[in-house]
Amino acid sequence: MREFAFFVGKNPGPTTVILGGVHGHEHMSLQAVREAADELKRDLGYRGLHSGRVLFLEGNPEAVRQGKRFIDVNLNRQFTDSKLVNSYDTKVHELRVARSLYRLFGKADFLLDLHTSDEATPPFLICDQPKKILEPYLNWWPEGVEYILTGLDYYHPGSTDGYMNKKGK
């Protein structure tokens, strides 16, 4: 993983991790993370962040460098206790990356993991929060968000958001 930017507030508060590049061929997720970090830096100016911490990360830099979805295995299926805690495998690239991210996620209160699709799709969110909680935020995107997908970790265990959900974050 590689850090793009880290903002520390003047007061205590929640820690948010904003992550792109979990899959190395999803370049737009990285562009969005970089632009968000740059915009936050411009907006904060001399004032600084009021409270909390915001960390902007590139999840799988080697896969990004090679322009591949992953090097050995899908990084977004490595976030299970059996792989992160109970496995001693040190050869699988994405498992090593997942363990580094896992340590950061343990300190985070919120995670925004950005991805892109291989096909044209309307904007959507993958989130296990009830829609009524999310609805006030859905118009933040210029196009709006048409779909909220839930329960994905049931079918594809080991994702970053599934890990955070299991930890109650």
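A salt bridge is a side-chain nitrogen of Lys or Arg within 4 Å of a carboxyl oxygen of Asp or Glu. By that rule, the count here is four.

A word on the model. It is predicted, so local features need pLDDT of at least 70, side-chain atom pairs count only at pLDDT 80 or more, and totals for chains, interfaces and linings use all residues. Residues are numbered from 1 along each chain as its sequence is written, and side-chain values use heavy atoms, with hydrogens and water left out.

Start with glutamate 26 and arginine 69. Their closest N and O atoms are 3.8 Å apart. The two residues are 43 apart in the chain, and each sits in a loop. Buried means under 20% relative accessible area, exposed over 50%, partly exposed in between (1.4 Å probe, protein chains only). Glutamate 26 is buried, at 4%. Arginine 69 is partly exposed, at 32%.

Next, glutamate 62 and arginine 65. This salt bridge spans 2.7 Å, N to O. Both residues lie in helix 2, three residues apart. Helices here are DSSP runs (H or I, at least four residues), numbered from the N terminus.

Then aspartate 153 and lysine 166, at 3.5 Å. Aspartate 153 is in helix 6 and lysine 166 in helix 7, so the pair ties together parts 13 residues apart in sequence.

Now, which side chain of opposite charge is nearest to arginine 99? Aspartate 89, 6.3 Å away. Lys and Arg count as positive, Asp and Glu as negative; His and the chain ends are not counted. Arginine 99 is buried, yet has no salt bridge. Still, a polar atom of its side chain lies 2.7 Å from the backbone oxygen of aspartate 89.

Note on methods. A polar contact is a pair of N or O atoms within 3.5 Å; within protein, one must be able to donate a hydrogen and the other to accept it, and residues adjacent in sequence count only if both atoms are side-chain atoms.
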